[in-house]
Amino acid sequence: MMDSNQYLKKTAEAIPPKERETRCCNRFKMFLVALSLSFMCKGLGGVIMKSSITQIERRFDISSSISGLIDGGFEIGNLFVIVFVSYFGSKLHRPKIIGIGCFIMGTGSILTALPHFFMGYYRYSKETLTDPSENLTSSLSTCSLDQNLLLNRTSPEVVEKGTLHALSMIGPIIGFIQASLFAKIYVDIGYEDLSNIRITPKDSRWVGAWWLGFLVAGMLSIMSSIPFFFLPKNLDKSQNETSLDLLKTNEERTHMADVTNHGQNVSENISGFFQSLKCILTNPLYVILQCLSLMLASSHIGVITYVSKYIEQQYGYSTSEANILLGSLTLPTVATGIFIGGYIVKKFKLTLLGMAKLSFYTNVLAFIFQLLNFALICENRSVAGLTLTYDGNNPVASHINVPLSYCNSDCNCDQNHWEPVCGDNGITYMSPCLAGCKSSNGNKKSMVFYNCSCVEVTGVQNKNNSVTLGDCPRDSQCTKKFYIYSVVQVLNYFFSSLGSTPTVLLVFKTVQPELKSLAVGFHSLTIRALGGIPAPIYFGALIDRACMKWSTSSCGKQGSCRIYDSILYGNTFTGLTESLRFSALILFVVLISTMKKIYQGKDTKASENGRKDTNEANLESLNNDGYFVPSAKTDNETHM
């Protein structure tokens, strides 16, 4: 009679090796496809929030700092579980954990859209009537001594990891394109007669169907979670091998269970967790990487959160146009940079020092290109009552409490009312009344106001002295700056993303292999807690300081910003971004210097032990798995 070991061996040999390999490969492919889909959905959900920031501000009458806090709410949810999942996740059913996470993320995205269904109709003007079908322009105020006509009514591993991150860029690309399409759709579609809406997507009060994006992202995320619940715990173990395990004798199974339970008790021990955490936090290279990654991530998060608003306010494009630009131009560049960065690392077999230098040089180039944005800031718009006097003849020192002019002082205008009109003289007026207009013709979007006294005094020869609904477009010089800005951003994002792959690889290659998951998890925790949450808030707070005209909410409080000081906005936005990046560059220098000192120390020890390795060889030395172990001794001191 054959014993159990012989039986198992014979049974295993009976299974064709090619069949076992094929089944294992198929499961891995399924996992990779499911993981890629979940990455895409995660990117899609994140971009939907970023690209909807401006519209959410307008819809709920909130400032940029408040919208930044809402945006950071996604990261707050991650903080409760990210480190523990990173540490204990390898000991649990990882596919199911990923599936549960995708389902929760999708549910949260759908819940984000719910406020739309509980709010009343969007009121973009004081003249919006109770019946949404009566959003007509006949109620717009003109210059009149009797202002009782104004109505205040309320309404109701390396390349594989470069590849996976590059593939995840598909989600943000789809997100920006989707957001662009939804931004063209009026927020209350299905509830309101769109033919009566007099504002256009380029109007500073326009709100698109932001909620549709969250619904789509949520449903896709829930769908992406389904495959994970049908995957085995171990992808590299075939079903036949699992069946063979069940044939082992009770004695063998009992012995293995004792060993496994002992290992789990040791690894899951809380003291072991904190000991491992202490190990990575006392690693100087890891700590420096944490700090510089935080600086870089904070600048990237702040930029991606408010870049759509920046393009809108700086160059006069609509939310839809800004989103389609970012989705079709910027993100493919980022994906390309990430992939090429991973390829370079593998192709040239870069060492830790080589990866650090690559990241440093690419970020220096990105920093230089970003500096060019200071020269691409447009001049402030010509707005009577904010940047010019109401008669349009002189600039004002401050946009606060600009006095009325003789051309509109007798019109009894509401200076808080925002219904921008563009004069024949190229100057924007905050309302037809403040432009001194006496009559009007047409309706809805094509309405024209005539006999505007404040336009007349500017010296324009046109006797009509008329204004049309909407802001005046930017001048040709600003348009040229936008084209240059687009090219600069492509180069900026390319070099930033080119250095991101080696930077990420450095995070887990500067610690022992067994601490890799914890190192990456704690790195993500730091970025989310100290970058993902506060960065949108302080970026938003500084952007708010550049606001020249605030809306007034239905309860009489400060609402969202209607127009910004372009120069102050540009200097603040670009200056804060560059400050964070410059701090990261300094830390890169410290990191490279520290690496050299550590390897030079190893070279000195090796020389004392009679070894003749050169310093350059030590700079390239890694352990067998390609990781740097700070506490490792020389081969003469310890031989495994």
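## Glu 57

At 2% relative accessibility, Glu 57 counts as buried (under 20% relative accessible area, with exposed over 50% and partly exposed in between, for a 1.4 Å probe and protein chains only). The model is predicted: local features need pLDDT of at least 70 and side-chain atom pairs pLDDT 80 or more, while totals for chains, interfaces and linings use all residues. Residues are numbered from 1 along each chain as its sequence is written, and side-chain values use heavy atoms, with hydrogens and water left out.

Glu 57 is part of helix α3; helices are DSSP runs of H or I with at least four residues, numbered from the N terminus. Leaving aside residues up to four places away in sequence, Glu 57 touches Ile 62, Ser 63, Ser 64, Ser 67, Tyr 306, Lys 309, Ser 560 and Tyr 564, where contact means heavy atoms within 4.5 Å. Ser 67 is 10 residues from Glu 57 along the chain, and their C-alpha atoms are separated by 6.4 Å.

## Helices α3 and α14

Two packed helices are described by the angle between their axes and the distance between the axes. For α3 (residues 53–60) and α14 (residues 284–315), the axes come within 8 Å and cross at roughly 75°. Axes are lines fitted to C-alpha atoms, for helices over the stretch in contact, and angles run from 0 to 180 degrees between N-to-C directions. The two helices are therefore roughly perpendicular to each other (65 to 115 degrees; under 35 is roughly parallel, over 145 roughly antiparallel, the rest oblique).

On the α3 side, Ile 53, Thr 54, Glu 57 and Arg 58 meet Thr 305, Tyr 306, Lys 309 and Glu 312 of α14. This contact has 2 nonpolar, 2 polar and 4 charged residues, with Ala, Val, Leu, Ile, Met, Phe, Trp, Tyr, Cys and Pro as nonpolar, Asp, Glu, Lys and Arg as charged, and the others, Gly among them, as polar.

## Aromatic pairs

The structure holds 25 aromatic pairs. Rings of Phe, Tyr and Trp (its six-membered ring) pair if their centres lie within 6.5 Å; planes under 30 degrees apart are stacked, over 60 edge-to-face and the rest tilted. The rings of Tyr 310 and Tyr 315 have centres 6.4 Å apart and planes at 80°, so this pair is edge-to-face. Both Tyr 310 and Tyr 315 are buried.

Tyr 538 and Phe 539 form a stacked pair, because their ring centres are 5.7 Å apart and their planes lie at 25°. Tyr 538 is partly exposed at 29% relative accessibility, whereas Phe 539 is buried at 1%. Ring pairs link these residues into a cluster, which includes Tyr 310, Tyr 315, Tyr 538, Phe 539 and Tyr 564.
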